[in-house]
Amino acid sequence: MTKTKGALLTRRAMASLLGLAITTAAVAQTVDDQSLPDNTGLNIPANLQIFGKVDPNIRKATAIVNETVITGTDVDQRVALIAAANQAKLTNEDRERLRLQVLRQLIDETLQIQQAKTADITVSKEEMDQSLARVAKQFNKSPAEFAAWLRDQGSSDRSMRRQIEGELAWNRYLRKRVEPFVNVGDEEVKAIIDRLQAAKGTEEYHLAEIYLNATPDQQTQVEAQGRQIIGEIQKAQAPFSYFARNYSAATTRAVGGDLGWVRAAQLPAELSQASQQMQVGQVAGPIPVPGGYSILYLVDKRQVLTADPRDARLSLKQMTIKFPANTTQAQASARTAQFATEIRKLQGCGSVDKVGQTLNAEVVQNDTVRIRDLPGPLQEIMAKLQVGQASPPFGSPTEGVRTLVLCGRDDPVSGQLPGAEQIQSQLEQQRVNLRAQQALRDLRRDAVIDYR
């Protein structure tokens, strides 16, 4: 038995996603006058004729971006990484669509790295090594094992390093060239504090969204694609934010689809109704909305400035038994039944170590766990436990079966109004994200891109 102090619930990290956009090849046609207003500012004629057929699939997945070459191999390896992380088997049609999305992503990464270098920002090999090691650890592999796994999947650690370099370089560029010029006034902060006080007791939802564009002729296809995305999300092979960054057509894709804390009245009617019916950790959709479909993820919910029982901080001990390789289902069930029997014999936290020794179990303790930080199903269980009681066994044959024993609880006194500095920081980050999106649009507009 080993005893450590640290995080209680280890979670397998997620690395990539499957992004499949719906595209429709256009044939030569004359578009009927629909008498729609021109909101583009481009002075496009209402009755127009399209000459020729535009099919981006006929291009080779190779591009030169301001003299930096993106090869077909770069695209193929990123596609392989995405498919492997999602354990997805792609049809030829799906693969071609994914290649186009990946090419666009690689172009953005290239532009971001190039722009960072204009500000004398580079990412060292040592920094990428450290980041790659962290990713490998999240997959329960050493860097060498992770590199070998990537090669087996048809990808490479080079592809992962490129993604890491793009993210680090762009974040540092924003800190150097954008953040210093973002200002938030005291009056703005005071106005937000006043609104929070006025909204005390109102329920708020922390939501993330994936928005999928759908023209009338694509409704069925996009809805089916949305269901496929939800299926991939529910496999827990990648976090929701990763899907949002690669799937969503909304501007929030840059921040993983995060909508922040919103009230139901601030949302479109379709999303408002769905959010009020969701449980924390639940994914809902595809929800029909004007112009397409939305997939919602409820990260959390709360009442403004009202004490939430889920903010209680728990002192816990976790006891875990693991199954040897090649354990049969019958053996695992028998071992779990024995574990459950011993749990019922516990006499408070003081007996956990002794029982752990008897079962050859691992014991981990943590004195600062908030109920809301636990997985959804455990939140309800732990909120009802009395000090000294244990949760029912939970886990899996691969990661072991465990229980949480409640050693103490510090209940929240009252809902706290966020401080002025916290509000100011949040406003500044929102404005940095907005300027980052604008900067990337400018880079795309000014780039010289040669497709081969």
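Arg302 lies over the face of Trp261, at 3.8 Å from the ring centre. The model is predicted.

**Aromatic pairs**

- Phe139 and Trp149 form a tilted pair, because their ring centres are 5.7 Å apart and their planes stand at 40°.
- Phe139 is in the loop between α3 (125-138) and α4 (143-152), and Trp149 is in helix α4, so this pair ties together parts that are 10 residues apart in sequence.
- Both Phe139 and Trp149 are buried.
- Trp170 and Tyr173 have ring centres 5.4 Å apart and planes at 15°, so this pair is stacked.
- Helix α5 (residues 157-177) carries both Trp170 and Tyr173, three residues apart, or about one turn of the helix.
- Trp170 is buried at a relative accessible area of 8%, and Tyr173 is buried at 9%.
- Phe139, Phe146 and Trp149 are linked into a cluster by ring pairs.

**Helix α6**

- Helix α6 (residues 186-198) has 13 residues and should span 18 Å at 1.5 Å a residue; its end C-alpha atoms are 19 Å apart, which agrees.
- Val189, Ile192, Ile193 and Leu196 are buried in α6.
- These four cover an arc of only 100° around the axis, so they lie on the same side of α6.
- Glu187, Arg195 and Ala198 are exposed on the other side of α6.
- The buried residues of α6 pack against α13 (420-446).

Note on methods
Residues numbered from 1 in each chain as written. Predicted model: local features only at pLDDT ≥ 70, side-chain atom pairs only at ≥ 80, totals over all residues. Heavy atoms only, no water. Helix = DSSP H or I, 4+ residues; strand = E, 2+ residues; numbered from the N terminus. Expected span 1.5 Å × (residues − 1). Buried < 20%, exposed > 50% of the residue type's maximum accessible area, 1.4 Å probe, protein only. Arc of directions from axis to C-beta. Contact = heavy atoms within 4.5 Å. Phe/Tyr/Trp six-rings, centres within 6.5 Å; stacked < 30°, edge-to-face > 60°. Lys NZ or Arg CZ within 6 Å of the ring centre and 35° of its normal.
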